[in-house]
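Please open the model in the viewer and keep the selection tool at hand.

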Amino acid sequence: MPLNYSEALQELLPHAATTLLTNQRTKLEKDWTDLHPHIPAISKDLFTYTWLIVNTRTFYWEYPDLPNSHPRLPKKRKQLTADDCYAMCPFMDYFNHSDIGCDPQSDSKGYSVTADREYKAGEEVFVSYGTHTNDFLLVEYGFILESNRNDSIPLDHLLLPLLSKEQAEALKEDGFHGNYTLSSKEPTICHRTEAVLRLLVLDNRRYSAFVGGDDDGSKEQGRVNAYLVQILTKYSRQIIEILEEVEGLHVDRHSSDKVRRGSSKGAVSEKLPIRTEQKDVLIRRWKQIRDLVNTAIGNLSL
């Protein structure tokens, strides 16, 4: 999992994965801070290992079908979020993920899994963990799918810096600020992305007509697409440079789990090694993003 990557690899994660990793690390540190004073004998390594098992092997359990007054509900149920509600399901947690798989369901009696088709003896049975992108799967579970119909990448880091202060405020007021997405399936760009592009390319009147639903935007679609193609073409070149940097990283083939290193002040810290499988999955992920971006450039240029 990227949480256990070396700093050199973490710095080269895709933008979406970096954001997800930051949030994951924040949750881990908060839980560690809350627990450690009460159980000081537990080491940070053991806590992290156990925390990751829970994070990767549990299912959401939101007490379905139970009335608010039911005695099985926690007293603070109303204060809990989805992140507070997990269940360990022995045997069910053996299922691996596929974007198309069996359907897991839950009710007050427990969990069930319904097959999506006939399976032959010896054939692996998958479930879907949800409609997740490969960046999410990488950070949360440590793997990516070779083919993922739910894959997409965010465009916020490419588009938000182009906005003026006034434009950003207008988007916030209209509810269209951020969460811009480039998808591997149609439509290539989401409605929110269409909106911000029109604000960047067209005048305010045209933008307002589009977000207000008075104009479907088809008349100016060519200009909007051409503008996005320029942005994506520049990003495609950046991806090539990132791939070259990742491919050039040295793998620590004979290192132990952690490499101890000295600092200029004489203190000793621990450095995580770069592992072959980690480097390989990062290269594959950047190639997927490259292909997604280049496919979008081709589609938008038609």
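**Stop one: the interior**

Select Leu171, Leu182, Val196, Leu232, Tyr235, Trp286 and Val293, which have the most contacts inside the largest nonpolar core, a set of 55 residues. Such a core joins buried Ala, Val, Leu, Ile, Met, Phe, Trp, Tyr and Cys residues through side-chain atoms within 4.5 Å; buried means under 20% relative accessible area, exposed over 50%, and partly exposed in between (1.4 Å probe, protein chains only). Apart from this core lies another, of 5 residues, including Trp61 and Met92.

This is a predicted model, in which local features need pLDDT of at least 70 and side-chain atom pairs count only at pLDDT 80 or more, while totals for chains, interfaces and linings use all residues. Residues are numbered from 1 along each chain as its sequence is written, and side-chain values use heavy atoms, with hydrogens and water left out.

Next, centre on Leu171: beyond its neighbours within four places in sequence, its contacts (heavy atoms within 4.5 Å) include Phe176, Tyr180, Val196 and Tyr207.

**Stop two: Asp151**

Select Asp151, in the loop between helix 4 and strand 6 (152-154); helices (H or I, at least four residues) and strands (E, at least two) are DSSP runs numbered from the N terminus. Is Asp151 buried or exposed? Asp151 counts as buried because its relative accessibility is 7%. Its side chain reaches the backbone nitrogen of Asn134 at 3.1 Å.

**Stop three: the surface**

Finally, select Tyr49 in helix 3. Tyr49 is exposed, since its relative accessible area is 56%.

Key
A polar contact is a pair of N or O atoms within 3.5 Å; within protein, one must be able to donate a hydrogen and the other to accept it, and residues adjacent in sequence count only if both atoms are side-chain atoms.
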